[in-house]
There are 2 protein chains.
Amino acid sequence: MWDAETVKKFINRPEDVVAESLAGFAAAHPEVRLDAASRVVYRAEPKPHGTVALLSGGGTGHEPLHAGYVGFGMLDAAVAGEIFTSPTPDQIVAATGAIDTGAGVLHIVKNYTGDVMNFDMATELTTSAVETVIVAEDVAVEDSTFTAGRRGTGLTMLLEKIVGAAAEQGRDLAEVAALARRVATSGRSMGVALTSSTVPASGRPTFALSDSEMEVGVGIHGEPGRRRAPLASAHEIAAMLVDPILADHEFGGSPAVVMLNGMGGTPLIELYLMFGEVKSLLEKAGVTVARTLVGNYVTSLDMAGCSVTVLRADDELLGLWDAPVNTPALRWGI
Amino acid sequence: MWDAETVKKFINRPEDVVAESLAGFAAAHPEVRLDAASRVVYRAEPKPHGTVALLSGGGTGHEPLHAGYVGFGMLDAAVAGEIFTSPTPDQIVAATGAIDTGAGVLHIVKNYTGDVMNFDMATELTTSAVETVIVAEDVAVEDSTFTAGRRGTGLTMLLEKIVGAAAEQGRDLAEVAALARRVATSGRSMGVALTSSTVPASGRPTFALSDSEMEVGVGIHGEPGRRRAPLASAHEIAAMLVDPILADHEFGGSPAVVMLNGMGGTPLIELYLMFGEVKSLLEKAGVTVARTLVGNYVTSLDMAGCSVTVLRADDELLGLWDAPVNTPALRWGI
């Protein structure tokens, strides 16, 4: 069953990784319920009748995204595809129907061609009222391996938090969708990889990087970024991430929510060091860092790397950000 | 300043990693205050007068341990040494004096020779009333590279949480210390490494592992464990961790707090898969898994690996576990 040629990971058979990891996730978190057959994670306690529900999902390999954000104040359900593979329309239809309390469902979709297509198809098939927000905030490239237009990455999680809080307040579907679109257009991200991730079934790094190279602008599936660059200091790398973000959107004069996100294989000691560099660059540019997150929130398996997400906020968005949340991966105020 | 020969990490000069990472940590978390000169992280809002204070610390490289656990319901301060290096007595003396509200201070010390010696020396030098608990729960080996007796690892964090809650209730120093010793003797841990970590100043892996080997019973500084074994399945590895824990202590018939801890370089998708295996083995052995934690809580830089900690609990310990906590790395109920 196991052979020593296999990649160095805590797995059994590569084809069972997604099912077994989801089962372990559900075993660890009694506040969620796993439908193992359709690979959907639900809140154990559904929302009150007449409240807008939030659904997201995508390929696995980005943990804790998305299942880790199912719970009070964020998602009502998350659909899981295979590793780096879109979930199917029937998974999305089932989840949409199950969480619809009568007020409709917001689909939160990262901008990857397969995800967009399958969520679209599900919207046509479901009998629920659905609004969709596409997240496409990664400034690295205009089109990418699996994407027409920009990729959606770290901002997805910030959006799920803020819009989830608004849904708990009882706002209607049109209001929730409008807020989601406002958040989606107000944030920007950029990432960098020091190493490739390795997909278990492949057993080999997705892309090759020499010991002295990094990929600037990498995607969360290992898609090529802007350029292959020589390894640089944290100070220099921070500028490679922050400058394109600031060049793409006006962040001055408003408070910002800033995430320094690890890609899965980079430890906190480095992420905090990078955050110090990033915060200092943002403040020099006149951005007020009002809220921060540092850690592994939107990952790419075991990739060593990090990304920066900056969201231009205001009092309303900060209030929704601060509202109570109770999910496996994000919890405060409760 | 930077050269491409340097190790693939988000750092500037290796000698600045600890100071810069602590500065980034403090910049991310306004609820703590960093004394940069003495490398001590304090709660921004000190405890009320007459409340027992908790101090821990040790070498850095184990983030979020210890600074990530400074805050309401856990530590009052954490002293940081260089990477994998004990803090000095004068750091410990300064921190002890600063957090003593008149009710005395509990020192929580992982069982490494340098840590024990320097906390001991500080206890002789300080004018505060001090009690000390030594954590030494790793069942892998009886003596180790930097340790006489067993090593202290993951249980340290569980102890900080439970005893921190008791201190917030206003228990006196003798009661807090007695509880800490009860927790310290009620838990067991065991870890495994798939790869070595790399200390920035060295730039080379601490130990060599071939592509088909793992270190069973590894220490959090890369100390040798019980044996070098061929790579195995998650199912088999889980048994290599759980069996020695169950053989060393009676866990049946009581609820348990179980942590599946990542060593820094292993992503959540694998940690959850391992948790599923571990939980199922524990339940087969009659252990009731009452509370769980899955994630990077006590790490070893960028080591790919994980550890299991099982704490035999009762209603009192579970109540203290569930009590509100508000720290950068652990937050609930608030």
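## Domains of chain A

Chain A of the predicted model is divided into two domains, with domain 1 spanning 17–184 and domain 2 spanning 187–312. The C-alpha centres of domain 1 of chain A and domain 2 of chain A are separated by 23 Å. Contact between them involves 30 residues of domain 1 of chain A and 30 residues of domain 2 of chain A.

## The interface between the domains

The size of an interface is often expressed as the accessible area that is lost when the parts come together. Between domain 1 of chain A and domain 2 of chain A, the buried area is about 2400 Å², and carbon and sulfur atoms give 66% of it. On the side of domain 1 of chain A, the residues that lose the most area to domain 2 of chain A are Phe84(A), Val139(A) and Leu158(A), which together account for 24% of what that side buries.

The rule identifies 1 salt bridge between domain 1 of chain A and domain 2 of chain A. A salt bridge joins the side chains of Arg150(A) and Asp248(A), with an N to O distance of 2.7 Å. On the side of domain 1 of chain A that touches domain 2 of chain A, helix H4 (155–168) and helix H5 (173–186) of chain A each supply at least two residues. H4(A) gives the most to that side, with 4 residues. By class, the side of domain 1 of chain A that touches domain 2 of chain A comprises 17 nonpolar, 7 polar and 6 charged residues.

## The interface between chains A and B

In the contact between the two chains, 60 residues of chain A meet 60 residues of chain B. The area buried between chain A and chain B is about 4900 Å², with 65% of it on carbon and sulfur atoms. Within chain A, Lys8(A), Phe10(A) and Ile269(A) lose the most area to chain B and together make up 20% of what that side buries.

Across the interface of chain A and chain B, the rule finds 2 salt bridges. Glu270(A) and Lys9(B) form a salt bridge in which the closest N and O atoms are 3.8 Å apart. Polar contact across the interface of chain A and chain B extends to 26 residue pairs, both residues being at pLDDT 80 or more. Elements that give two or more residues to the side of chain A that touches chain B include helix H1 (17–28), helix H6 (234–248) and strand E11 (288–295) of chain A, as well as helix H7 (268–284). H7(A) gives the most to this side, with 10 residues. The side of chain A that touches chain B has 31 nonpolar, 18 polar and 11 charged residues.

Asn111(A) lies in the loop between strand E5 (105–110) and helix H3 (113–125) of chain A. Asn111(A) counts as buried because its relative accessibility is 12%, below the 20% cut-off.

The side chain of Asn111(A) reaches the backbone oxygen of Ala148(A) at 2.9 Å. With neighbours within four places in sequence left aside, the residues in contact with Asn111(A) include Val116(A), Ile134(A), Thr147(A), Ala148(A) and Arg150(A). Arg150(A) is also the partner of Asp248(A) in the salt bridge described above.

Notes: Residues numbered from 1 in each chain as written. Chains lettered and ligands numbered in written order. Predicted model: local features only at pLDDT ≥ 70, side-chain atom pairs only at ≥ 80, totals over all residues. Heavy atoms only, no water. Domains from an automatic or database assignment. Contact = heavy atoms within 4.5 Å. Buried area = accessible area lost by both parts, 1.4 Å probe. Salt bridge = Lys/Arg side-chain N within 4 Å of Asp/Glu carboxyl O. Nonpolar A, V, L, I, M, F, W, Y, C, P; charged D, E, K, R; others polar. Polar contact = N/O pair within 3.5 Å; in protein donor to acceptor, adjacent residues only side chain to side chain. Buried < 20%, exposed > 50% of the residue type's maximum accessible area, 1.4 Å probe, protein only.
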